[in-house]
Each structure stands twice: as C-alpha cells, then as structure tokens.
Amino acid sequence: MPLLEVHNLSMRYTTLRGIVKALEGVSFDVNEGETLAVVGETGSGKSTLAKAIVRVLEENAKIVSGEIIFEGVDILKLSEEEFRRNYRWVKIAMVPQGSMNSLNPVLKIMDQMIEPLILRGVPRLDAIKIAGEALESVGLTRDVLTKYPHQLSGGMKQRVIIAMAIQAKPKLVILDEPTSALDVMTQANIMNLLKRLRREFKLSYIFITHDLALASELADKVLVLYAGKVAEFGSADLIYSEPKHPYTQGLMSSIPTLREDKKLSFIPGEVPSLINPPSGCRFHPRCPYAMDICRREEPPLITLDNDHKVACWLYSK
C-alpha cells in the first residue's frame with residue numbers, strides 16, 4: 001500500500017477578482033522510501049498542493065473535493081487538533097519555499113527548533129538533545145543552537161530548516177524549492193545532504209521544483225502539473241527518456257545537457273489565468289499539436305504502458 005495517495009484533489013481560492021481554480025482533479029501516489037518530483041511553471045499549483053497535504057491553507061483557500069490518504073487514513077477528515085498532534089511535523093514535515101527567511105531573526109536557533117517538540121509534550125532537556133542530534137545529522141555542530149539566524153550563512157540556514165523538518169523522524173518530507181536562492185555549490189551540497197538523509201532515515205520526499213534537471217537528481221517518479229491539472233505522471237526514467245505530453249516535451253527541450261549538442265527551445269505564451277482557464281485542454285493555446293477536440297473537451301488521464309499516465313487527446317484511442 002502506498003504511503004501517500006491523493007485522489008481527485010480540487011482546491012479553490014476566493015479572491016476579489018473571482019474564484020481561482022488552483023487544483024483540479026489531481027491524483028498521484030508516493031510509496032515508502034520514494035521521491036516524487038512535482039514540476040511545472042510558476043502558477044501551476046505546486047506549492048498549493050504542498051500546503052493542502054500539510055493543511056496550512058490561507059483563509060481564502062478551500063479544498064472542494066478529493067482525498068489525501070496517508071498510511072490508510074484520509075487526513076482531510078481529521079480534526080485540526082488531531083492532525084496537528086499526530087501528523088503535522090510528526091509524520092509529515094515540510095521545508096517551505098523561501099524557508100531560509102522563515103527563521104525568526106530575534107530568536108536563537110535552539111528556541112525555534114525545540115518549540116514544536118515542547119508543544120508535543122517533549123521535556124525541554126530532551127528537546128534540546130533531539131535538536132542537537134538533528135543539527136549534527138545535517139552536518140552542523142551543536143553550537144549552532146546558541147546562534148541567531150543572522151550569524152549563519154544561507155546554506156547553514158537551509159540546513160537548520162531541514163534539521164527542523166527531520167528532528168521528529170517523519171515518514172514524509174515535502175521540499176518546496178529547497179535550493180532556490182542558493183549558489184550552485186551550496187545547491188549541490190544540499191542535494192547531496194538530501195540524498196544521504198533519505199538513505200539514513202528511509203524518508204519519502206515530495207520534491208517541488210521548476211528545475212527539471214535538479215529534480216532528476218532525486219526523483220523516482222515525476223508529476224507534471226500545468227495550470228492546476230495533471231499533465232503527466234510516471235516513473236522518472238520514462239518521463240525523462242520518453243515524455244509524452246507536449247508540455248513535458250517542451251520542458252525537456254529547454255534543458256541544456258553536457259552529453260549532446262542540442263538546440264534549446266522554449267514554450268511560447270504563458271500559464272493561463274486560473275480564474276478563467278481555457279476551455280478543453282488548458283494547454284491547447286500553447287500546444288503545437290492542438291486539434292479541434294483539444295479546444296472543446298478536457299482530455300482524460302490516459303494510462304499507457306508501465307503505469308505511465310498522460311492527459312492528452314493524442315493518445316486517446
């Protein structure tokens with residue numbers, strides 16, 4: 001049984017301009033020890049999906065349908081108190097986007113790390129010990145506990161946030177753009193750290209990024225989102241070697257490689273407004289293969305060989 005199963009998840013934001021259809025019928029699964037990369041352009045719904053799983057939604061956000069099943073339990077049906085006590089930062093942790101800036105500048109690292117542990121009833125001395133061990137597991141020394149965020153480099157702050165995510169030994173860690181705003185060398189070090197932690201603690205990851213090349217470092221499966229809908233889902237080997245959806249093909253064509261000399265291309269246009277998305281397939285205004293049916297009807301999610309799924313009329317029988 002998968003560790004996490006998401007079935008037909010749909011989510012809306014209420015704004016002054018109208019209802020934003022942020023997610024529409026999103027389905028996927030993550031097995032224990034696996035890494036799922038969620039990729040797509042800005043505005044595709046990646047961060048919204050992460051917030052839905054850990055239930056940290058804005059006041060104007062609402063899940064209108066679907067299930068999020070973790071270890072056989074639909075966590076959307078749990079009370080906020082039960083989810084906070086038994087799941088959030090316990091079994092499911094998250095490294096948010098721009099996480100380096102989420103540390104409180106006027107509190108020492110120790111106070112910020114032990115707070116969620118103490119709220120769960122862990123004695124203070126035990127919480128400090130757990131926090132110190134977590135810092136050591138990400139390659140930092142325990143004296144970081146006594147420092148303020150401004151005394152740390154960007155890479156060190158990112159490691160602190162990762163340590164906070166893993167200190168309760170969760171089963172699933174959601175990483176939302178964990179290497180953004182870092183230089184290339186620090187980015188590589190963080191990726192190597194994530195690989196080691198996955199191996200040592202048998203973690204499952206949901207790795208959210210717009211960088212397909214970076215995603216290939218960790219991914220076992222890839223979920224491609226476009227305008228709040230699933231464009232393609234399958235094993236990383238298949239997605240990278242044989243992308244089926246025209247959107248995924250466009251993303252792959254934009255990645256430079258060292259092994260071959262290829263002409264890079266780009267996808268014209270931009271992600272559509274989710275207040276008033278296009279009829280039919282949401283990608284059809286930008287798709288080089290668009291047909292009449294693409295403009296009229298939404299494509300179903302078609303299962304190809306090896307459980308490779310694609311939402312495109314090109315593969316409909």
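In this predicted model, I109, Q112 and M113 of helix α3 meet V160, A163 and M164 of helix α5, contact being heavy atoms within 4.5 Å. By class, this contact has five nonpolar, one polar and no charged residues; Ala, Val, Leu, Ile, Met, Phe, Trp, Tyr, Cys and Pro count as nonpolar, Asp, Glu, Lys and Arg as charged, and the others, Gly among them, as polar.

The axes of α3 and α5 come within 9 Å and cross at roughly 25 degrees. Axes are lines fitted to C-alpha atoms, for helices over the stretch in contact, with angles from 0 to 180 degrees between N-to-C directions. The two helices are therefore roughly parallel to each other (angles under 35 degrees).

Helices (H or I, at least four residues) and strands (E, at least two) are DSSP runs, numbered from the N terminus.

| Helix | Residues |
|---|---|
| α3 | 109-119 |
| α5 | 154-166 |
| α6 | 184-201 |

An open sheet of eight strands runs in the order β6-β7-β8-β3-β9-β10-β12-β11, with mixed pairing; two strands pair if DSSP finds at least two bridges between them. Its edge strands, β6 (92-95) and β11 (302-303), each pair on one side only. Strand β3 (residues 35-39) pairs with β9 (residues 221-226) in the parallel sense over four bridges, and A37 stands opposite V222 in β9. Helix α6 lies across β3, β7 (172-176) and β8 (204-209), at about 155 degrees to β8.

Residues are numbered from 1 along each chain as its sequence is written.

Key: This is a predicted model: local features need pLDDT of at least 70, side-chain atom pairs count only at pLDDT 80 or more; totals for chains, interfaces and linings use all residues. Side-chain values use heavy atoms; hydrogens and water are left out. Angles under 35 degrees count as roughly parallel, over 145 as roughly antiparallel, 65 to 115 as roughly perpendicular and the rest as oblique.
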